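Please look through the structure below before reading on. The paragraphs after it go from one part of the chain to the next.

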Amino acid sequence: MCSGGCAKCLGITLIPLAVLCTLANILLFFPGGEVVNNNEHITDEVWYFGGMLGSGVLMIFPALVFLGLKNNDCCGCCGNESCGKRFAMFTSIIFAAVGLLGAGYCFIVSAVALNSGPKCNDGSKWHYPFENGNYLSNTTMWDLCKSPENIIPWNLTLFSLLLIMSGIQVVLCAIQVVNGLIGTICGDCTCCGGNGAI
Ligand SMILES: *[C@@H]1O[C@H](CO)[C@@H](O)[C@H](O)[C@H]1NC(C)=O
């Protein structure tokens, strides 16, 4: 088992997810695909920047660190072939924890947003007409939102995508926490031709 190689493929997967989460968050600022002229008309959870900051910006650091692990300091320090590698794996645990927090934040914000539903205009005022996800199983209730057009499927799709993608990021970062622990304790076995401790 080579923990550096595992980290690299985790890093490669995290980057497109971070880009997609950022895009989904940006699209949420255009409810139903429209440009709104009043920020008050955008669902509050969109302003929590779960996709842009949590699953986007915060994820870039762990992704880059994981990507670099394979080639990082390959033949070690102090005459010990695996100690540089070990330190790199140890550092990756800290970055994996940062990623875990970011993705976890996006996951929670998306779940809350799906549960409370979008902010919309019911014909007289802007508010949240739904509660506790009751609109999810009863599409008749969707008529309560008169505008923006298609706000419910728009938010539902994008927040569901954010929920799924941040969920995957949480799992990947959790894998790297474990992976990094194994790498720190055992060294990376295949990096310098099998001199590691596993
Ligand atoms: C769905 O919502 C409508 C409008 O609020 C309500 O009249 C209807 O009883 C609901 N249907 C179900 C199955 O809960």
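Is Phe49 buried, partly exposed or exposed? Phe49 has a relative accessibility of 25%, so it counts as partly exposed.

Some ground rules come next. The model is predicted, so local features need pLDDT of at least 70 and side-chain atom pairs count only at pLDDT 80 or more, while totals for chains, interfaces and linings use all residues. Residues are numbered from 1 along each chain as its sequence is written, and side-chain values use heavy atoms, with hydrogens and water left out.

Now to the aromatic rings. A pair of aromatic rings is described by the distance of the centres and the angle of the planes. Rings of Phe, Tyr and Trp (its six-membered ring) pair if their centres lie within 6.5 Å; planes under 30 degrees apart count as stacked, over 60 as edge-to-face and the rest as tilted. The structure holds four aromatic pairs. One of them is formed by Phe29 and Trp47, with 4.9 Å from centre to centre and 75° between the planes, which makes it edge-to-face. Both residues are in the loop between H1 and helix H2 (50-68), 18 residues apart. Phe29 is buried because its relative accessible area is 14%, whereas Trp47, at 32%, counts as partly exposed. Phe29 also pairs with Phe49, and this pair is tilted: the centres are 5.7 Å apart and the planes are at 40°. Phe49 is in the loop between H1 and H2 as well, 20 residues from Phe29.

With a relative accessible area of 17%, His41 is buried. Its side chain is joined to that of Trp126 by a polar contact of 3.2 Å. A polar contact is a pair of N or O atoms within 3.5 Å; within protein, one must be able to donate a hydrogen and the other to accept it, and residues adjacent in sequence count only if both atoms are side-chain atoms. Not counting residues up to four places away in sequence, His41 touches Lys119 and Trp126, where contact means heavy atoms within 4.5 Å.

Next, turn to helix H1 (residues 3-28), where Leu27 is found. Helices (H or I, at least four residues) and strands (E, at least two) are DSSP runs, numbered from the N terminus. Leu27 is partly exposed, because its relative accessible area is 39%. Leaving aside neighbours within four places in sequence, Leu27 is in contact with Trp154 and Leu158. Leu27 and Asn155 are 128 residues apart in sequence, yet 9.2 Å apart in space, C-alpha to C-alpha. Ile26 is in helix H1 too, and at 35% relative accessibility it counts as partly exposed.

Helix H2 contains Leu53. Its relative accessible area is 45%, so Leu53 is partly exposed. From C-alpha to C-alpha, Leu53 and Gly102 are 7.2 Å apart in space and 49 residues apart in sequence.

The last stop is helix H5 (residues 151-186), which includes Asn179. Asn179 counts as buried because its relative accessibility is 4%. A polar contact of 2.7 Å joins its side chain to that of Gln176.

Key: Buried < 20%, exposed > 50% of the residue type's maximum accessible area, 1.4 Å probe, protein only.
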